[in-house]
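Subject: Structure handover

Hello,

Here is the structure you were going to look at. Please open it first; my notes follow below.

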Amino acid sequence: MALPMQDRNLQQQSPQRHAGKKAIYGRRYAYTVAAIAALGGLLFGYDTGVISGALLFLTPAFHLTSTSAEVAVSAVLIGALLGAAVGGKLADAIGRKRALIVLGGIFALGAVLTALAPNLWFFIGFRIIVGFGIGAASMITPMYIAELSPPSIRGALVMFNQLAITVGIAVAYWVDLAFAHANMGWRPMFAVAFIPGSILALGMLFLSDTPRWLASKGRWKAAEQVLGHIAHGQAKADELNGIHQALEAEKKTSVRELFRPGLRVALLVGVGLAVFQQLVGINTVIYYAPTIFGYAGFSSASAAILATSIVGVMNVLATILSLLLVDRLGRRALLLGGIIGMAVTLAGMGIVFAIGANNAGIFILICLLLYIVSFAIGMGPVFWLMSSELFPNRLRGTGASISSFSNWAANLLVSITFLTLINLVGKPGTFWIYAVLAVVAFVFVWFLVPETKSRRLEEIEAYWKNSREW
Ligand code: BGC
């Protein structure tokens with residue numbers, strides 16, 4: 001197979017310069033890969049966050065009731081559930097690269113179609129299509145990045161994906177704000193996703209598939225060539241060997257292993273974290289924040305969306321803080337501390353709504369800001385990180401897909417019942433329910449979630465098999 005131009009040039013240089021340049025090229029390659037592929041995370045964030053401000057305009061345009069508003073918000077999640085279910089298989093069948101090109105196309109096309117939707121039914125249909133892209137991208141993007149990055153920075157890159165999601169949400173809020181301000185309504189809000197969608201599809205055309213996927217299709221020469229971009233000498237040989245062993249081990253493994261004593265607690269922890277990440281009500285805030293600010297007395301759409309944009313920025317900043325702290329303080333400290341913060345602020349919001357405080361707006365804003373900081377420091381990034389750490393290598397893909405599917409299912413459950421719950425038990429009752437669920441989440445994490453900081457995957461597997469003792 002012909003070498004890429006850059007490799008051919010490198011081969012004509014002196015060995016030392018060759019090695020030095022190759023290292024730089026390798027790092028640059030890893031960064032380019034991460035940047036382009038993180039567009040998948042950004043689109044996940046953008047396409048889920050955009051609904052929050054748009055909802056204020058969709059409601060009068062499509063005469064939404066609380067039930068049809070819930071369906072309009074949740075359509076994307078129905079698609080995401082499908083996408084998460086088949087994403088892994090798609091990436092195995094046609095490769096990570098081609099899958100991401102297809103998804104970029106779905107995002108771009110879906111953006112235009114949604115913006116043009118003539119009525120609620122078309123809107124829902126197009127959002128389901130976009131949702132498929134989001135669900136599949138939520139699995140394939142981290143997989144692609146992890147399989148193409150040097151082992152030393154793999155964990156950091158998984159967290160980087162969560163950062164991309166929060167940036168996507170924040171951008172969506174600010175775009176919503178700009179169009180609300182200009183009185184241009186909801187259509188352009190959705191259309192904007194055409195840009196990152198096309199960049200993802202086009203950018204991926206220039207990148208290679210991952211060594212692991214190429215090897216799984218028996219294309220070892222191509223796998224070795226791609227590996228040459230990220231590892232050299234012994235490191236490259238070790239990586240190839242690692243891929244070989246992992247593929248062999250996977251052939252002998254079945255999903256049933258996850259249900260046997262030992263590993264089934266790992267599965268319970270993965271699924272439990274996924275479900276609790278949603279049951280604490282994060283997406284009632286991400287998707288409905290302007291609506292909540294409306295309840296609290298923010299009278300104009302612009303003011304409510306402005307307050308939401310601040311929530312979006314705090315989400316990004318606290319995620320960065322979490323990235324900096326997670327290897328120092330450990331996963332448990334961040335999870336437990338974050339959950340306490342969420343329980344307190346959720347209860348606080350319930351109280352503010354119950355007493356109907358005069359300055360409810362400002363109190364709700366403060367509570368929501370502290371709530372989002374608590375989520376973004378703990379549950380937000382730590383769940384995704386742990387779902388890639390909890391399972392032994394040979395079951396990592398399967399374990400991560402089960403937990404990611406459960407995450408979308410719980411997300412759908414919460415988002416499709418939020419407004420109904422408000423009608424049924426009132427605003428204070430609704431937030432108190434989430435506060436109680438946060439307390440249950442605390443107990444779950446306290447008793448079941450191990451500290452995986454600085455542990456090797458083999459040690460973690462031994463922990464599960466060893467009646468949960470290190
Ligand atoms: C969650 C999403 C949520 C986002 C908010 C992610 O970790 O899975 O459901 O919208 O965080 O930042």
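Keep in mind that this is a predicted model.

I began with helix 20, which runs over residues 457-465. Part of what covers its buried residues is helix 13 (263-279). The residues of helix 20 that are buried are I460, E461, Y463 and W464. Looking down the helix axis, these buried residues fall within an arc of 155 degrees, so they line one face of helix 20. Just after helix 20 comes S467, whose phi is positive, at about 50 degrees.

Next is a pair of helices, helix 5 (residues 96-116) and helix 9 (residues 194-205). Their axes are 7 Å apart, and the packing angle is about 160 degrees. An angle over 145 degrees counts as roughly antiparallel, so helix 5 is roughly antiparallel to helix 9. The crossing of helix 5 past helix 9 is left-handed. On the helix 5 side, the residues in contact include L100, G104, F107 and A111; on the helix 9 side, they include F194, G197, A201 and M204. Sorted by class, the contact between helix 5 and helix 9 has 11 nonpolar, 4 polar and 1 charged residues.

Is S415 buried or exposed? Buried means under 20% relative accessible area, and S415 has 1% relative accessibility, so S415 counts as buried. Leaving out residues up to four places away in sequence, S415 touches E70, S74, L77, N283, Y287 and Y288.

Regards

Definitions and conventions. Residues are numbered from 1 along each chain as its sequence is written. This is a predicted model: local features need pLDDT of at least 70, side-chain atom pairs count only at pLDDT 80 or more; totals for chains, interfaces and linings use all residues. Side-chain values use heavy atoms; hydrogens and water are left out. Buried means under 20% relative accessible area, exposed over 50%, partly exposed in between (1.4 Å probe, protein chains only). Helices (H or I, at least four residues) and strands (E, at least two) are DSSP runs, numbered from the N terminus. The arc is that of the directions from the helix axis to the C-beta atoms. Contact means heavy atoms within 4.5 Å. Axes are lines fitted to C-alpha atoms, for helices over the stretch in contact, and angles run from 0 to 180 degrees between N-to-C directions. Angles under 35 degrees count as roughly parallel, over 145 as roughly antiparallel, 65 to 115 as roughly perpendicular and the rest as oblique. A crossing is left-handed if the near helix is turned anticlockwise from the far one by less than a right angle, and right-handed if clockwise. Ala, Val, Leu, Ile, Met, Phe, Trp, Tyr, Cys and Pro count as nonpolar, Asp, Glu, Lys and Arg as charged, and the others, Gly among them, as polar.
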